[in-house]
Amino acid sequence: MSKNTSPQKYIYVVFSHPKSIVSETIGFFTGGQFTHCSLTLDRDLGHMFSFGRKYSYFPFIGCYLREELDKKFYSHCDSLHGRIVEIPVTDEQYTNVKRRLIDFWVNKKSHKYNMVGFFFYLLNKEYAPDGKYTCSQFVAETLDIYGICPINKAYTLINPDDLSKTVKGNVIFEGDIKKYALVRKNKCFLMTKRKI
């Protein structure tokens, strides 16, 4: 008699490079391919969670976001180059990440974007006030504290491109993420995996 085992759980890290002045500035200073990252439990990218701009046309006020590729800032992007990494996790890790994403959303007024932290990053100095995060700081901390991916440097000193080289999993897509999400939404996309 076979054991009754639950299906394998996954979380997804989405790395991207939006076309904006802020994104290009980050890319200039970091020299990286990716300038933003998000977490999601949804392979179809229905809802992604991260820290970023609160208002589409004003990048200097940020917050914890539930990102959707056809709304707000992303609705103004014709395309969005990126990479989606699928990471297998235990049931406990999945539950912990899900709980954290929800807790941050419920308490989103207590969490702000760590704008000053970016300038400290350029000086290679840590700056991590309570309740303030950059996108990569939030994703790195979440992956590390639940034992999903060990991070061997200060969370505030890791940028999205650094994280893309640290995270281990299956790259299920690389290219225009907006097209990926649209095709997935229509349920007619054949994906190939490659190990990183």
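In this predicted model, Tyr 64 counts as buried, at 2% relative accessibility. Its partner in an aromatic pair is Phe 49. The two ring centres are 6.1 Å apart and the planes meet at 20°, so the pair is stacked. Phe 49 is also buried, with a relative accessible area of 14%. The pair links distant parts of the chain. Phe 49 belongs to strand β3 and Tyr 64 to strand β4 (residues 58–67), 15 residues apart.

A second pair joins two helices. Phe 104 sits in helix α3 and Phe 138 in helix α5, 34 residues apart. Their ring centres are 5.0 Å apart. The planes lie at 55°, so this pair is tilted. Both partners are shielded from solvent. Phe 104 is buried, with a relative accessible area of 7%, and Phe 138 counts as buried at 0%. The structure holds 13 aromatic pairs. Phe 49, Tyr 64, Phe 104 and Phe 138 fall into one aromatic cluster, together with Phe 51, Trp 105 and Tyr 133.

Two lysines lie over aromatic faces. Lys 108 is placed over the face of Trp 105, at 3.8 Å from the ring centre. Lys 9 lies over the face of Tyr 94, at 5.6 Å from the ring centre.

Phe 138 also belongs to the largest nonpolar core, which has 29 residues. Along with Ile 11, Ile 87, Leu 143 and Leu 163, Phe 138 touches the most other members. Several elements each supply at least two residues of this core: β1 (9–17), β2 (36–40), β3 (48–55), β5 (81–89), α3 (91–106) and α5 (135–145). Helix α5 gives the largest share, five residues. Beyond its neighbours within four places in sequence, Leu 143 is in contact with Ile 11, Val 13, Leu 39, Ile 87, Ile 148, Cys 149 and Val 167. Another core, of 10 residues, lies apart from the largest one. Leu 45, Ile 84, Ile 172 and Phe 173 are among its members.

Leu 45 stands out in its backbone as well. Its phi is near 60°, a positive value in a residue other than glycine. Leu 45 is found in the loop between β2 and β3 and is buried, with a relative accessible area of 3%. Asn 124 likewise has a positive phi, of about 60°, although it is not a glycine. Asn 124 lies in the loop between α4 (115–122) and β7 (132–133). Asn 124 is exposed, with a relative accessible area of 59%.

Charged pairs were then considered. Six salt bridges are found in the whole structure. In one of them, the side chains of Glu 86 and Arg 43 meet at 2.7 Å, N to O. Glu 86 lies in strand β5 and Arg 43 in the loop between β2 and β3, so the bridge ties together parts that are 43 residues apart in sequence. Glu 86 counts as buried, at 0% relative accessibility.

The side chains of Glu 141 and Arg 100 form another salt bridge, at 2.3 Å, N to O. Glu 141 is in helix α5 and Arg 100 in helix α3, so this pair ties together parts that are 41 residues apart in sequence. Glu 141 is buried, with a relative accessible area of 15%. Arg 100 is buried too, at 8%.

Lys 153 and Asp 162 also meet in a salt bridge, at 3.6 Å, N to O. Here Lys 153 counts as partly exposed, at 39% relative accessibility. Asp 162 is partly exposed as well, at 24%.

Note on methods. Residues are numbered from 1 along each chain as its sequence is written. This is a predicted model: local features need pLDDT of at least 70, side-chain atom pairs count only at pLDDT 80 or more; totals for chains, interfaces and linings use all residues. Side-chain values use heavy atoms; hydrogens and water are left out. A nonpolar core is a set of buried Ala, Val, Leu, Ile, Met, Phe, Trp, Tyr and Cys residues joined through side-chain atoms within 4.5 Å. Buried means under 20% relative accessible area, exposed over 50%, partly exposed in between (1.4 Å probe, protein chains only). Helices (H or I, at least four residues) and strands (E, at least two) are DSSP runs, numbered from the N terminus. Contact means heavy atoms within 4.5 Å. A salt bridge is a side-chain nitrogen of Lys or Arg within 4 Å of a carboxyl oxygen of Asp or Glu. Rings of Phe, Tyr and Trp (its six-membered ring) pair if their centres lie within 6.5 Å; planes under 30 degrees apart count as stacked, over 60 as edge-to-face and the rest as tilted. A charge sits over a ring if NZ of Lys or CZ of Arg is within 6 Å of the ring centre and within 35 degrees of the ring normal.
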